[in-house]
Amino acid sequence: MIAQVSPSASSGDKSTNELSGSVHGPAIQAGSISGGVQIHWQEPSAPVVPRQLPPATSRFIGRKGALSALDKALDEGGPGLGAIYAISGMAGIGKTTLALHWAHRVSHRFPHGHLYVNLRGFDPGGAPVAPSDALKGFIAALGIRPDNIPFEVDDRIALYRSLLDGRRVLVILDNALGTDQVRPLLPGSPTCTAIVTSRNKLGALVADHGAVPVAMKLPGRREAAKILVRHLNNERVEAERSAAATLVELCGRLPLALSIVGARAAIYNWSLESLTEDLRSERDRLYALDLHDSETTNVASVFSWSYRNLSPGPARLFRLLGLASGPEISLAGAASLADKSLLHARQLLGVLVEANLVSEVTRDRFRVHDLLRTFAADQLEHDETAESCREALLRFHDFLLRAADAADRAIAPNRPASTCRLLPGASPRQCSPPMKRPSAGSKSSTPAWWRPCTMLCVTGSTRMRGGSPGRSASTSTAAVTRPTGCTPAKPACKPRRDSATVRPKR
């Protein structure tokens, strides 16, 4: 700002003052000045260095692969070359824990500060943080007075990126709903690094901004057991090694679930064996995984934040997946459950995969985590009628019969064809997956083409006999695992009349 005080020819001894140039902050112009004038000038203070990282947990274990991937990407960037990391994974797998642990480990490489915001994309509060509000918080943390923060979002983005230009700042955007929420918060300077965590895979962030994807997987059994050790102690876990191993499996190796179990054992001094009894019942498992202190330590509540963000179509398919038995389901099996075409079912499953509610293990084969499948079955009791569940089960039952029959004919095409009557509405095109007979010179005893068939189950359900609509009780299993050329006495797809697989009367 340039201030000029000069006499006015037309006003005698009066003076005028003029301002020219740009003005930052308030400016005062006086009509007349008398007496001595003193001007005090204060040099601008040094830029504010924000240190907003929340504390990292002292119980962090493992994750060597993910940490190595983060370190490698940062090292390859080199001085002055920033990066964006997109850490994704299912609810409760430890995304925020990993991000904060790594951020504290490399914090010394960002001398100009660390910015953090919980974007509440998946949160009990329901409403995600608006980018404009997050920007306001960041700008204030960088030393700008609230009354000098622009109102328009684009102006805030411009000011935010100007403040970060040339500075080495680490920005953590935690619990993001999606790429659109994150985009305005990305630094513009290559000297900065951003970490984004989300339950969604953030594909657009990877495609449009070159983010490094870090997909978090479930820990191995040994690493999962160490979570219990961190909450208790090695001697106690070793004393009940068998019960500890059972807890790891009943929790599906999910870090959040294991932390809840470990905390319960530590707080109440319960034996691990007694905790396994609480978790053995599928119906009560999610209720046992709750510390009754916060929604963040209630597995069912944490899962619900992902479920409620789904649109009706994917949400219904997710619920219906709670009816399917076995660790995996094919595209055609999911289509039969939802009564959709293969194309439509693939689109719905794509949404669930993006949300990390379902994982695609191979092309068109999908897996639902055990605890998520239990949660899905719970939602059936609330959001589906008993008749709707019954019809979905019958469609899936018919799919399994068709697929088993197709597998049987692929093994022994000369065997007399069995008669598998489909219920009205079942689609043979949808239920008969294409299969190829293995080559004569095949060395594998279980070739890849056969793998989908080995997991087919013909499942009975209490629901099909008028029981609770959200819980299935497998009572018989028919796995087609005969070697080529082995002729059965009866067709494999024909269920016994006295088994629970017989269709109820319509």
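Colleague: Which residues do ring pairs link into a cluster?
Modeller: Rings of Phe, Tyr and Trp (its six-membered ring) pair if their centres lie within 6.5 Å; planes under 30 degrees apart count as stacked, over 60 as edge-to-face and the rest as tilted. Linked by such ring pairs, the members of the cluster are Phe-303, Tyr-307, Phe-318 and Phe-375.

Colleague: What pLDDT do local features need here?
Modeller: Residues are numbered from 1 along each chain as its sequence is written, and side-chain values use heavy atoms, with hydrogens and water left out. This is a predicted model, in which totals for chains, interfaces and linings use all residues, side-chain atom pairs count only at pLDDT 80 or more, and local features need pLDDT of at least 70.

Colleague: How many residues does the protein chain have, and what share of them is buried?
Modeller: The protein chain has 20 helices and ten strands; helices (H or I, at least four residues) and strands (E, at least two) are DSSP runs, numbered from the N terminus. Buried means under 20% relative accessible area, exposed over 50%, and partly exposed in between, with a 1.4 Å probe and protein chains only. Of the 506 residues in the protein chain, the buried share is 45%.

Colleague: What share of the contacts in the protein chain with a separation of 6 or more comes from residues 24 or more positions apart?
Modeller: A contact means heavy atoms within 4.5 Å. Among contacts with a separation of 6 or more, the share from residues 24 or more positions apart is 70%.

Colleague: How many aromatic pairs does the structure hold, and why is the pair of Tyr-85 and Trp-102 given its class?
Modeller: The structure holds eight aromatic pairs. The ring centres of Tyr-85 and Trp-102 are 5.4 Å apart and the planes stand at 65°, so this pair is edge-to-face. Because Tyr-85 lies in strand 3 (residues 84-88) and Trp-102 in helix 2 (residues 95-105), the pair ties together parts 17 residues apart in sequence. The count of pairs asked for is eight, and the class is edge-to-face.

Colleague: Are Tyr-85 and Trp-102 buried or exposed?
Modeller: The cut-off given earlier for burial is under 20% relative accessible area. Tyr-85 and Trp-102 are each classed as buried.

Colleague: Which class of aromatic pair do Tyr-307 and Phe-318 form?
Modeller: Tyr-307 lies in helix 13 (residues 299-307) and Phe-318 in helix 14 (residues 312-320), so the pair ties together parts eleven residues apart in sequence. Both residues are buried. With 6.0 Å from centre to centre and 45° between the planes, the pair of Tyr-307 and Phe-318 is tilted.

Colleague: How do helix 13 and helix 17 lie relative to each other?
Modeller: Axes are lines fitted to C-alpha atoms, for helices over the stretch in contact, and angles run from 0 to 180 degrees between N-to-C directions. Helix 13 and helix 17 (residues 370-383) pack at about 70°, with axes 11 Å apart. Angles under 35 degrees count as roughly parallel, over 145 as roughly antiparallel, 65 to 115 as roughly perpendicular and the rest as oblique. Helix 13 and helix 17 are therefore roughly perpendicular.

Colleague: Which residues of helix 17 make the contact with helix 13?
Modeller: Helix 13 contributes Ala-300, Phe-303, Ser-304 and Tyr-307. From helix 17 come Leu-371, Leu-372, Phe-375, Gln-379 and Asp-383.

Colleague: Which helices do the buried residues of helix 14 pack against?
Modeller: The buried residues of helix 14 are Pro-314, Ala-315, Leu-317, Phe-318, Arg-319 and Leu-320. These pack against helix 13, helix 15 (331-338), helix 16 (342-354), helix 17 and helix 18 (386-411).

Colleague: What is the C-alpha separation of Val-353 and Phe-366?
Modeller: Val-353 lies in helix 16 and, at 14% relative accessibility, counts as buried. Leaving out residues up to four places away in sequence, Val-353 touches Lys-201, Val-358, Glu-360 and Phe-366. Val-353 and Phe-366 are 13 residues apart along the chain, and their C-alpha atoms are separated by 8.7 Å.

Colleague: What phi does Asn-269 have?
Modeller: Asn-269 lies in the loop between helix 10 and helix 11. At 61% relative accessibility, Asn-269 counts as exposed. Although Asn-269 is not a glycine, its phi is positive, at about 55°.
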